[in-house]
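Please go through the model below in question-and-answer form.

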Amino acid sequence: MIKLISIDLDGTLLNQENKVEPDMKETIAEIQDRGIRIVVNTGRDYRSASRIAGEAGIRGGIICCNGSEIYDGEGKQVASHPLPADLVRRVEALLEEEGFILSYFTHSGQYMLLSLQEYRRYSREVLLPLILSHGHSAEKAAAELETWRKELRFCKRQELERKQIYKLNAVCYRMEEAAKRVTGKLVSAEGVTAVCTNMGDMEITMPRINKGSGLLEYIQDLDITLGEILVMGDSENDLPAMLLPGICSVAMGNAKETIQSRCKYCTAGNGEGGVKKVLKGLLEYRQ
């Protein structure tokens, strides 16, 4: 019997406009009222994830920055795995040498060491071609860029050094070529966890920290076994949670075939009510 649902945000709970469907909150409330705990498990920072969890009415807690920060349902931090400053500097040097632009995930938001003018040029020359290369329309690409811009904060190095950094995001236009070279270097030289998501950005966290480790930490004091957990996601960074032994894994219809083939079940895409179909099915099963 399922006691806990671990749910990704982008490409999963959020629709193609990066929003929670209007009627989703009612279904989530019904699930939670039946005693099933729902926890967000996302690559987003806490500030962004907690806003979306609030909109959706999710009460179980938040695993964010790919397992680097964990919060209970009351908003209390119960685990923290920040990247040490010296490790950040070494990773920066390697990534910048390969032409990557970095953003820094902290408790208070996502930061970049760019001016607004520099970011606009970066959006035009790097992000826009990257999004278009994944088959999105110009309209969809513009919407994605606007969503990312709203999540970002721009700062100087001195301000960033006063913050704990939980995850690094790195992007360049020729992402697949560069990622193949850089991921191996990062893992072998620094031991960090490095994974590429569906949109081509590389996410870097502390060694052995991922969505799977975060989920294990989250349940360590709960009377819940892995066989009583359902995990929903769509990207490579969801696999460490989806592949935990005994987990009931559900891939979104918008996930790559390489993701779907490794999960026990598949549902419809995030633009087709995939999450709601799973939750409704679970409610019917519990009746």
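What follows is a set of questions and answers on sheets, cores, a helix and ring pairs.

Q: What kind of model is this, and which pLDDT is needed for side-chain atom pairs?
A: This is a predicted model, in which totals for chains, interfaces and linings use all residues, local features need pLDDT of at least 70, and side-chain atom pairs count only at pLDDT 80 or more. Residues are numbered from 1 along each chain as its sequence is written, and side-chain values use heavy atoms, with hydrogens and water left out. For side-chain atom pairs the pLDDT needed is 80 or more.

Q: In what order do the 8 strands of the open sheet run?
A: Strands here are DSSP runs (E, at least two residues) and helices are DSSP runs of H or I with at least four residues, both numbered from the N terminus. Two strands pair if DSSP finds at least two bridges between them. The edge strands, each pairing on one side only, are strand 5 (77-80) and strand 14 (265-266). The pairing is mixed, and the order is 5-4-3-2-1-12-13-14.

Q: Which residue of strand 12 stands opposite L4?
A: Strand 1 (residues 4-7) pairs with strand 12 (residues 229-233) in the parallel sense, over 4 bridges. In strand 12, the residue opposite L4 is I229.

Q: Which residues have the most contacts inside the largest nonpolar core?
A: A nonpolar core is a set of buried Ala, Val, Leu, Ile, Met, Phe, Trp, Tyr and Cys residues joined through side-chain atoms within 4.5 Å. Buried means under 20% relative accessible area, exposed means over 50%, and partly exposed lies in between (1.4 Å probe, protein chains only). The largest such core has 32 residues, and those with the most contacts inside it are I5, L13, I58 and M232.

Q: How many residues are in the other core, the one with L102 and L168 among them?
A: The largest core has 32 residues. Apart from it lies another core, which also includes A179 and A194 and has 23 residues.

Q: Why do the buried residues of helix 2 lie on the same side?
A: The buried residues of helix 2 (residues 24-33) are M24, T27, I28, I31 and Q32. They lie on the same side because the arc they cover around the axis, taken from the directions from the helix axis to the C-beta atoms, is only 135 degrees.

Q: Which residues are exposed on the other side of helix 2?
A: The buried residues of helix 2 include M24 and I31. Exposed on the other side are E26 and D33.

Q: Is T42 buried or exposed?
A: T42 lies in the loop between strand 2 (37-41) and helix 3 (46-56). Not counting residues up to four places away in sequence, T42 touches D8, L9, A49, I63, C64, C65, N66 and K211, where contact means heavy atoms within 4.5 Å. With a relative accessible area of 1%, T42 is buried.

Q: What is the centre to centre distance of the stacked pair Y46 and Y71?
A: Rings of Phe, Tyr and Trp (its six-membered ring) pair if their centres lie within 6.5 Å; planes under 30 degrees apart count as stacked, over 60 as edge-to-face and the rest as tilted. The structure holds 3 aromatic pairs. In the pair of Y46 and Y71 the planes are 25 degrees apart and the centre to centre distance is 3.9 Å.

Q: What angle lies between the planes of Y119 and F154?
A: Y119 is in helix 5 (residues 116-133) and F154 in strand 8 (residues 152-154), so the pair ties together parts 35 residues apart in sequence. Y119 is buried at 3% relative accessible area, whereas F154 is partly exposed at 29%. The pair is tilted, with centres 5.2 Å apart and an angle between the planes of 55 degrees.

Q: Which residue of strand 11 stands opposite A170?
A: Strand 9 pairs with strand 11 (residues 202-205) in the antiparallel sense, over 3 bridges. In strand 11, the residue opposite A170 is M202.
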